[in-house]
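Hello,

Here is the structure for your files. Please open it alongside this note; my findings follow below.

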Amino acid sequence: MAPSGTDRIREVAKRVSNWGRWGPDDERGTLNLITPDVLRRAAACVRTGKAFSLGVEFGAGGPQSGTVVGRFNPEHTMTAIAQPFPEPGGFCFSDDVIRMPLQCATQRDSLAHAHYDGLLYNGYPAVEALSEAGASRNGIDKQAPGGVMSRGVLLDIARLHGVARLAPGTAIRPADLDAACARQRVDLLPGDILLFRTGHITTWLDDGDRETYLWQGPGLGIDCIEWLHARDVAAVCADNTAVEVMPCEDPAVSYPVHCLALRDMGMPLGEIFFLEDLAADCAADGVWDFLLAAPPLAVTAGLGSPVNPLAVK
């Protein structure tokens with residue numbers, strides 16, 4: 001009898017689990033793979049000095065439609081406008097406030113963002129680690145020391161298939177990742193950060209279709225998890241909203257890639273990355289690796305963080 005969806009997750013988890021690999025108290029997961037040697041290798045990827053911002057704007061026109069519980073687009077308010085100090089014609093200041101979910105636009109997930117069977121990454125009980133105060137274990141603040149910077153590798157899956165964007169709900173397979181590596185003549189090395197382009201972000205940016213962007217994204221299928229584990233990838237980032245394919249492959253199992261990546265491998269995920277300009281440049285010069293800097297804000301006990309990632313070639 002074929003295993004059920006949840007049983008399959010547990011079977012894969014046994015093969016990819018990194019629990020205890022970096023000690024019983026670890027809360028950084030695969031970011032531990034970004035060693036000083038890996039950073040030196042990443043720095044060597046800067047050849048021309050061209051820089052690309054991979055973040056979308058944080059504003060009212062963001063990707064949220066109100067259908068994801070607790071997520072809305074940023075609300076920006078001015079708290080001081082040209083406020084003068086006492087001296088006539090002297091110093092004035094302006095200030096502002098932004099109210100937003102930490103995961104409303106380009107963002108990173110913490111390792112506390114997803115779990116199952118009552119346990120977070122490295123075996124921390126969810127009932128003890130998660131509360132109204134946030135995540136006492138595996139929070140986004142644990143990713144902040146040392147930042148998140150490494151050699152980035154962009155695999156352009158849309159370009160591989162000769163399309164501007166993959167069809168909604170397309171599951172990316174290990175064979176697609178292998179084919180993109182071969183076509184682009186690039187390899188994933190231990191400690192690298194994988195970025196993959198589906199082109200799906202244009203469903204929102206060009207077509208204005210937030211619902212399709214949020215809920216019908218092409219993305220990684222569950223069988224890509226072992227591919228990532230075998231290559232010791234430090235993190236994965238994508239231009240969709242979930243990294244994994246939406247709707248999920250098995251309707252009875254929600255977000256299996258999140259479960260296996262965050263909870264079992266301890267591998268952070270980055271979502272809603274803008275990859276169009278970087279991909280066009282990489283296709284033009286044939287260079288698909290670069291220095292990637294995508295550090296989160298050190299939000300104490302946070303479950304995620306907004307980022308403005310930078311790729312430097």
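Some ground rules. This is a predicted model, where local features need pLDDT of at least 70, side-chain atom pairs count only at pLDDT 80 or more, and totals for chains, interfaces and linings use all residues. Residues are numbered from 1 along each chain as its sequence is written, and side-chain values use heavy atoms, with hydrogens and water left out.

Aromatic rings: the whole structure holds four aromatic pairs. Phe91 and Phe93 are stacked, because their ring centres are 6.4 Å apart and their planes lie at 20 degrees. (Rings of Phe, Tyr and Trp, the last by its six-membered ring, pair if their centres lie within 6.5 Å; planes under 30 degrees apart count as stacked, over 60 as edge-to-face and the rest as tilted.) Ring pairs also link Phe85 with Phe91 and Phe93 in a cluster.

Charge over a ring: the charged end of Arg263 sits over Tyr116, 3.8 Å from the ring centre. The test is NZ of Lys or CZ of Arg within 6 Å of the ring centre and within 35 degrees of the ring normal.

Asp156: this residue is buried, at 1% relative accessible area. Away from neighbours within four places in sequence, Asp156 is in contact (heavy atoms within 4.5 Å) with Gln184, Arg197, Ala279 and Trp288.

Best wishes

Key
Buried < 20%, exposed > 50% of the residue type's maximum accessible area, 1.4 Å probe, protein only.
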